[in-house]
Amino acid sequence: MPGFELFGPLERKEVNDVLETGILMRYGFDGPRKGVWKAKELETAISDKLGCRYTQLVSSGTAALTTAFAALGIGSGDEVIMPVFTFVASFECVLSVGAIPVLVDVDETLTLDPPAVRRAITPRTKCVMPVHMCGAMADLDALRQICREHRLILLEDACQSFGGRYKGKALGTIGDAGTFSFDFVKIVTCAEGGAVVTNDEALHFKLDAYSDHGHDHKGVDRGADLHPYIGYNFRISELHAAVGLAQVRRLEEFVAIQRKTHSLLKAILSEVPEIGFRTIPDPEGDICSFLSWFLPTGDITREVVAELRQQGILAGNFYWYDNNWHYIRKWDHLRTAATLNPLSEPQRQALLSLEHASFAASDRIMSRCISTAIGLLWNEEQTRQKGEAIVAVVKKVMAQRAAKSRVPQA
Ligand SMILES: Cc1ncc(COP(=O)(O)O)c(C=O)c1O
């Protein structure tokens, strides 16, 4: 997820355009800004690139999710079905609008398992939110079918997968709305930023107003704007949008590099019969930010991780099962409802009930999974070295285990 690795003159040029006008805010100041509208330009560039009608830029992926929930009418007491493997922002935003996160198992796509989604539906369910983790997608046909049958909103958290596609359509544009993050470690970055995309004009009006204190943005005088809804300030600045504009124009360049490196690394790891790979519903649409691979058991995977650490080559290989941020096992603050201000009682009860919930199916998958982040700056030789080092570690661990199992028991 490394857009910052290729930061240079194109990004500087866009930022300098803004610095020369001195107008750092995305709205108003029509005269002094001398025709420089980076946020507007970036919204058009994203809509064109993804083939959708509307893009609303905001200040982060977290702001994008919160804005999307609010504009989609998801709030107090509504249940949002989401996966147990994601970044914490996904459930933070559900809680922030008064809704209840309903956590369900993932399958080998590393996101929502459709049968688990079906089992989690209740009369209070309002939305299904797949999270397209690590650059690749959920089984969107199956999830769309469920949403159609039960009249549920499909919101794609595509924060990690800008530029990914599913059966010819851009991720984020398939559900009712989709969200993206452009934070510092995403494939396209503007330091901090995000976007909500949709094809629905009425929804876009709400997204636009909500992210700027409810302003209707209909007039030329900002002070005279009406405010049809209560909103917040989730505005992006012109400086951030300028960086994003240069980076979005380079998306295909970044994806092409990642695909080439990913394919070489996968070929190297494929030599080991014990290594399997993540299920990708549409492999051509994977932006290849990560190569996610599986070992036969959780114990073997832990030993491989320990050996990678021991050899000083663990960096960039993510064992999500033990990671503090991405898997439910370590979300103690969620399970104990550790908020600074009071939650509603239904929200609090739902979170406390997670203490006794079992996600055995996800544990079986996540405990065997390692995701290797693909660097934009690796050359072929470095990729080979990294792949061969991983293969050597896996073979060493397998050989040690085989030797141990041959030792006669006393
Ligand atoms: C799946 C997912 N959703 C939401 C977010 C939030 O994005 P941001 O960091 O821009 O607030 C992230 C960020 O990593 C993410 O990975």
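A residue is called buried here when its relative accessible area is under 20%, exposed when that value is over 50%, and partly exposed in between, with a 1.4 Å probe and protein chains only. By that rule Leu 140, at 0% relative accessibility, counts as buried. The structure is a predicted model, in which local features need pLDDT of at least 70 and side-chain atom pairs count only at pLDDT 80 or more, whereas totals for chains, interfaces and linings use all residues. Residues are numbered from 1 along each chain as its sequence is written, and side-chain values use heavy atoms, with hydrogens and water left out.

Leu 140 belongs to helix H6, which spans residues 140–150; helices (H or I, at least four residues) and strands (E, at least two) are DSSP runs, numbered from the N terminus. If residues up to four places away in sequence are not counted, Leu 140 touches Pro 130, His 132, Leu 154, Glu 156, Tyr 166, Leu 171 and Ile 174, where contact means heavy atoms within 4.5 Å. Gln 349, by comparison, is 209 residues from Leu 140 along the chain, and 30 Å separates their C-alpha atoms.

The nonpolar interior can be described through its cores, a nonpolar core being a set of buried Ala, Val, Leu, Ile, Met, Phe, Trp, Tyr and Cys residues joined through side-chain atoms within 4.5 Å. The largest of these holds 77 residues, and the members that touch the most others are Phe 69, Trp 293 and Val 304. Beyond its neighbours within four places in sequence, Trp 293 is in contact with Leu 269, Ile 275, Gly 276, Phe 277, Val 304, Arg 368, Cys 369, Ile 370, Thr 372, Ile 390 and Val 394. Apart from this core lies another, of 55 residues, including Val 15, Ile 81, Leu 143 and Ala 195.

Val 394, one of the contacts of Trp 293, sits in helix H14 (residues 380–406) and is buried, with a relative accessible area of 0%. With residues up to four places away set aside, Val 394 touches Val 272, Ile 275, Trp 293, Leu 295 and Val 304. The C-alpha atoms of Val 394 and Leu 269 are separated by 9.5 Å, although the two residues are 125 apart along the chain.

Leaving aside neighbours within four places in sequence, Thr 55 is in contact with Glu 43, Ile 46, Ser 47, Ala 195, Val 196, Val 197 and His 204. Ala 63 is part of helix H3 (residues 61–71) and, at 4% relative accessibility, also counts as buried; outside the four places on either side in sequence, Ala 63 touches Val 58 and Phe 234.

Which cysteines are bonded to one another? The structure holds 0 disulfides, a disulfide being a pair of cysteine sulfur atoms within 2.5 Å. For Cys 147, the nearest cysteine sulfur, that of Cys 127, is 7.4 Å away, and Cys 147 is buried, with a relative accessible area of 5%. The sulfur of Cys 369 lies 7.5 Å from the closest cysteine sulfur, in Cys 134, which is too far for a bond; Cys 369 is likewise buried, at 0% relative accessibility.

Open space is described on a 1 Å grid over the protein atoms alone: a cavity is a set of points where a 1.4 Å probe fits but cannot get out, and a pocket is an open set with protein on both sides within 12 Å along at least five of seven lines, with lining residues having an atom within 4 Å of a point. Of its 20 lining residues, Tyr 27, Lys 40, His 217, Lys 218 and Gly 219 are the closest to the centre. Helix H2 (38–50) and helix H7 (201–210) are the elements that give two or more residues to this lining, and H7 provides the largest share, 4 residues.

Two loop residues have positive phi values without being glycines. Lys 167, with phi of about 50°, is in the loop between strand S6 (165–166) and strand S7 (169–170) and is exposed, at 53% relative accessibility. His 213, with phi near 55°, is in the loop between H7 and helix H8 (238–249) and is partly exposed, with a relative accessible area of 41%.
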